[in-house]
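I opened this notebook to go through one model step by step and to write down what I looked up. The entries follow the order in which I took up each topic.

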Amino acid sequence: MLSDVTTPQDLDERFRTAVAQMTGPTDRRAPQEPVRDDTVLTGQTALALFDAQLTSRHLDLAKRWLRSFGEGFDTLGSSGHEGNAALAAAVRVTDPALLHYRSGGFYCARVARAAQPVGHAPGMAGPDADDDADTGAADAETDPVSDAARDVLRGAVASAADPITGGRATVFGSTGIAVVPTSGTVAAHLPRAVGLALAIERMRRLVPTVRQRQPGLARSAAASRPYLEPRLPWPDDAIVVCSFGDAAVNHAAATAAFTAAGHADHTGEKTPVLFVCEDNGLGLSVRSPDGWVAATLRSRPGLHYFAADGCDLAQTYDTATQAAAWVREQRRPALLHLSTVRLMGHAGTDVESAYRSAEEIDRDVDRDPLVGTARLLVAAGLATPDEIISRYDEVGWQVRKVAEEVIGEPKLATAAQVVATTAPRRPIRVARVVTDTGARAAGAAATARASVLGTRLPEERGPMTLAETINATLADGLLAYPGMIVLGADVAAKGGRYGVTAGLRERFGGNRVFDTTGDATTVLGHALGAGLAGQLPVVELPGLTYLHGGEDQLRGEAATAQFLSRGGYRNPLVLRVPGLAYQDALSGHRHNDNSLAVLRDIPGIVLAVPARAADAAGLLRSCLASAAVDGSVCVFVEPVAGYATRDLYAADDGQWLAPYPPPGEWGTGHVPVGRARSYPVGSAEDLTVITFGNGVRMSLRVAARLAAEGIGCRVVDLRWLAPLPVADIVREATATGRVLIVDETRRSGGVGEGVLAALVEAGYVGAAARIAALDSLIPLGPAAHQVLVSEDAITQGARALLAR
C-alpha cells in the first residue's frame with residue numbers, strides 16, 4: 001500500500017517491484033509478430049513505444065528534480081497518460097496534432113518516428129532482432145530519447161534554445177513534426193482543430209483552381225511572392241489530431257467544437273478531425289462523475305465514437321489505428337475515448353491527500369501504463385525483467401544527462417528578445433505587397449478583374465459610402481489573394497448582417513465566401529484553422545457584443561501562435577466587426593456596444609477603425625497585407641452607424657463619400673499600420689482634437705463651427721487604436737499645446753486613457769482634456785444620447801480648454 005501522496009520515489013519503487021515479479025513464457029514471439037493474439041501491435045513497435053513511454057515518465061521526474069532546486073519552471077506531467085504514445089504510432093508524422101498538456105508519450109513517440117530512415121518501421125531492436133533494416137532500429141546518428149528530452153526540458157528550464165517557444169513557455173510543439181503549440185487554456189484549441197480539418201478539405205478543392213482564377217500567374221512569380229499561391233503545409237489526405245482531458249468536455253469551447261464538427265458532418269462537409277479524450281477522471285481536484293464523460297461523448301451527433309483502455313498499449317494502438325483509418329478514409333470526425341490514470345497529482349505542488357484517499361491513489365498506481373507495457377513485453381518474450389529495468393535505467397540516465405546539460409543554457413535576457421515573436425512587423429514588405437497587388441490588378445490581372453467585378457469597375461462608380469467601399473475592397477482582396485476566404489454568419493446568402501459582403505459569394509463561389517453558424521467561438525475557430533492551413537481568413541461577426549463569447553480564440557489561440565512558436569506557426573486573420581454606437585434604428589446594449597477594451601490589451605493585435613470611406617480601403621488593404629506577410633491578427637472595427645452616411649456638414653453635400661481608388665493608386669495611397677490622419681480646419685492652430693470612428697465626423701462638424709468664429713483646429717483621426725500612432729499624437733498635440741481627446745468608448749478602459757498616457761510618457765506639457773462616453777451600457781431609445789459623446793459636449797469641452 002502506498003502513502004497518501006504518490007512521490008517519484010514511490011512510482012520508481014513500485015515499477016521496479018512489479019517488473020521484478022514478472023515471468024516470461026516458454027516460447028518467445030518474434031519482434032515482427034503481434035505482441036499478443038488479440039492485437040495487431042507488433043513486438044518491435046511495442047518496444048519503440050515503450051521507449052517513448054519511458055522517456056515521457058523520466059521527463060516528468062526530471063522536471064520535478066529541476067524544480068527542487070529552482071532551475072525548472074514546470075511540473076505538469078504525463079504520468080499515467082503514457083499510453084498516448086500508441087496514438088502517435090497510429091497516425092502519421094505529417095498529421096497536424098494539437099495536444100493536451102499530458103501528451104508527453106505522444107510527443108516522444110512522434111520524435112522517434114520522425115527520426116526513422118525512410119522505409120524503416122518504427123521500433124527499437126528487441127532481444128532477438130537482427131541488426132538490419134527490418135528491425136526498424138533508429139539511424140545511428142539519431143537519438144530519439146535525447147532529442148525528445150532536450151526539446152521538452154529546454155522548455156521546462158526556459159532556455160532560449162527551446163526549439164518551439166525560444167524560452168517563452170512550456171508547450172508541446174514542433175514545426176518539423178507537425179505538432180501545433182496550444183495556449184493551454186482548457187479546450188481552447190478544439191475549435192481551431194475543427195477549423196483546420198475543414199480547411200484541409202477546402203484547400204484540396206481550392207489549390208487546383210488557383211491558376212485558373214489568376215491568368216498570367218507564373219510559377220516563378222508565385223514562388224517569389226508566396227501570398228499569391230496558397231499552400232497546404234501537410235499532405236492533402238492529412239487528418240487533424242486533437243487531444244484533451246476529461247474535464248474539458250464541460251467547457252464551452254469543447255461543446256462549440258463538438259457541435260461544429262457534428263454540424264459540418266450533418267451538412268455534408270468533410271471534417272477529418274480525430275478528437276482524443278484522455279480521461280483520468282479528474283479535473284485538478286474535481287472528479288468527473290462515473291459514466292458522465294462517456295455519455296457526453298457518445299451523445300455528440302455526427303461524431304463516431306471509439307473507446308479503449310489507455311493503460312493497455314495494445315488495445316490503445318488497435319483502437320487508435322481503427323479510429324485514425326476511419327477518419328482518413330471517411331473524412332469525417334470521430335472521438336477516441338481513452339481511459340487513463342493520473343499519477344503524482346496534477347502538478348508538483350498538488351497535495352492529492354486533500355481530496356483523494358490512499359486507496360484511490362493506490363488503485364491508479366496499479367494501472368500504471370509503464371507496468372502494463374512491461375508486462376506485455378515480458379509476456380511475449382520480447383524482453384526479460386532485467387532487460388526492462390536496464391532499459392528503464394538507461395533512459396533515465398539519458399534524460400537526466402540532458403537535464404543537466406540544459407540547465408546552463410542562456411535564458412531570454414531582454415524585453416526585446418521576449419516580444420520579438422509576438423507580432424513581427426515588416427512595414428516595407430507590407431507596403432510592397434499593397435503596391436504589387438495594385439500593379440497586378442492594373443496590369444496582368446486587369447482582364448480577370450473586369451470579368452469578375454463587372455464592366456463598371458468600383459473606381460468608375462463615383463463616390464461611395466463606407467459600406468460600399470469595404471465591399472469593393474473585399475472583392476479586390478479576393479482577387480489579389482487566392483487563399484483569401486470570407487466567412488461568418490450571414491456573409492454569403494444574405495451578404496452580411498448589414499449587406500457589406502453582398503454579391504461576393506456570387507462572384508467568387510461558396511468555397512471562398514461561405515456562411516457559418518453564429519457562435520463566435522466556432523467561426524473564429526474555423527478562421528484560425530484556415531490560417532494554419534495556409535489561407536487568409538476574413539471573418540465577419542454581427543457586432544461587438546458577439547465577440548465576447550469567443551474572445552479567447554483571439555487572445556489565447558490566435559495572438560499566441562507566433563509567440564509560442566517563434567513564428568513557426570501563425571494564424572493570419574482579419575476580423576471585421578460592425579461596432580461602436582449611434583445606431584438610432586437598432587439601439588440598446590446588444591447592438592450599440594462602444595467598448596474596445598477587450599481588444600486593445602491583447603499583445604500584438606492590430607486594431608483599425610475606419611471613420612469614413614476615404615480611409616476604409618487603405619486601412620483594410622493594409623490589414624490584409626499585414627496578415628499575409630506578417631501573420632498579423634487584425635481586427636477591423638467598422639462604425640456601423642456610418643455605413644450609409646453620405647453627408648458631413650449639410651444635407652446632400654456628399655462630403656462623407658469618397659471615390660474608390662483605382663489599382664494604380666493603391667501603392668501611393670498606402671496607409672501604414674500605426675499612422676494617423678490630420679485634418680486642418682481653419683487658418684489658425686488653436687486646438688488639437690484627437691479622435692477616431694464616429695468622433696471624427698462629429699469633431700469635424702464642431703471644428704467647422706469654431707473656424708467660423710476664427711478658432712482653428714487640427715482634427716486627428718487615429719485610425720489605428722493598436723498600435724496607437726504615438727509619434728503622430730505627440731507631434732499634433734505639440735503643434736497647438738491644447739489637446740481635446742474625443743473618445744466614444746467608455747471613460748474607464750477607453751481609448752482616451754491610452755492617448756493621455758502616450759502624451760504624458762512623451763513629456764507633453766500642454767493642456768489636455770477628455771470627452772468620453774459614460775461608464776454605462778447603452779440604453780434603448782433616446783436615452784442612449786445621455787451616455788454617449790455628443791457634438792454639444794465636444795463644443796463645450798473645446799471652449800473650456802481654449803479658456804484655460
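Predicted model: local features only at pLDDT ≥ 70, side-chain atom pairs only at ≥ 80, totals over all residues.

The entries below cover helix packing, strands and sheets, cysteines, and a few backbone details.

**Entry 1: helix H6 against helix H9.** I began with helix H6, residues 189-206, and helix H9, residues 252-266, whose axes lie 7 Å apart and meet at an angle of about 20 degrees. Angles under 35 degrees count as roughly parallel, and H6 and H9 are therefore roughly parallel to each other. On the H6 side I listed Leu190, Pro191, Val194 and Leu198 as the residues making the contact, and on the H9 side Ala253, Ala254, Ala257, Phe258, Ala260, Ala261 and Ala264. Sorted by class, the contact of H6 with H9 comes to 11 nonpolar residues, with no polar and no charged ones.

**Entry 2: helix H1 against helix H14.** I then turned to helix H1, residues 8-20, and helix H14, residues 385-407, which pack at an angle of about 155 degrees with 9 Å between their axes. That angle makes H1 roughly antiparallel to H14, given that the cut-off for this class is over 145 degrees. I found Asp12, Phe15, Arg16 and Val19 contributing from H1, and Pro385, Ile388, Ile389, Tyr392 and Asp393 contributing from H14. The contact of H1 with H14 holds six nonpolar and three charged residues, and no polar ones.

Entry 3: How many residues of strand S14 are buried? I checked residues 633-639, the span of S14, and seven of its seven residues are buried, so I noted this strand as mostly covered. In a regular strand the side chains alternate between the two faces of the sheet. In S14, Val633, Val635, Val637 and Pro639 point one way, while Cys634, Phe636 and Glu638 point the other way, and all are buried. I next looked at the pairing, where strand S12, residues 573-579, runs parallel to S14 over seven bridges, with Leu573 standing opposite Val633 of S14. Strand S13, residues 606-608, is also parallel to S14 and is joined to S14 by three bridges, and there Leu607 has Val635 as its bridge partner.

**Entry 4: helix H22.** For helix H22, residues 551-558, I recorded Gln553, Leu554, Gly556, Glu557 and Ala558 as the buried residues.

**Entry 5: the five-stranded sheet.** I traced an open sheet of five strands in the order S15-S17-S16-S19-S20, and its pairing is mixed. Strand S15 (677-681) and strand S20 (767-773) are the edge strands, each pairing on one side only. Neighbouring strands of this sheet are turned against each other by 20 degrees on average, direction ignored. S15 and strand S17, residues 713-717, run antiparallel and are joined by five bridges, and I noted Arg714 of S17 as the bridge partner of Pro680.

**Entry 6: cysteines.** How many disulfides does the structure hold? I found zero disulfides. Cys108 is in no disulfide, and the nearest cysteine sulfur, that of Cys311, is 17 Å away; Cys108 is buried, with a relative accessible area of 4%. For Cys623, also in no disulfide, the nearest cysteine sulfur is that of Cys634, 4.3 Å away, and the cut-off for a disulfide is within 2.5 Å. Cys623 counts as buried at 0% relative accessibility.

**Entry 7: backbone details.** I noted a cis peptide bond from Ala722 to Pro723, with omega near -5 degrees, and placed Pro723 in the loop between strand S18 (720-722) and helix H26 (726-736). Ala178 is not a glycine, yet has a positive phi of about 60 degrees; Ala178 is found in the loop between helix H5 (144-156) and strand S2 (179-180) and is buried, with a relative accessible area of 3%. Leu284, likewise not a glycine, has a positive phi of about 60 degrees and lies in the loop between strand S5 (282-283) and strand S6 (286-287).

Key
Residues numbered from 1 in each chain as written. Heavy atoms only, no water. Axes fitted to C-alpha atoms, helices over the stretch in contact; angles between N-to-C directions. Helix = DSSP H or I, 4+ residues; strand = E, 2+ residues; numbered from the N terminus. Parallel < 35°, antiparallel > 145°, perpendicular 65-115°, else oblique. Contact = heavy atoms within 4.5 Å. Nonpolar A, V, L, I, M, F, W, Y, C, P; charged D, E, K, R; others polar. Pairing = 2+ DSSP bridges. Buried < 20%, exposed > 50% of the residue type's maximum accessible area, 1.4 Å probe, protein only.
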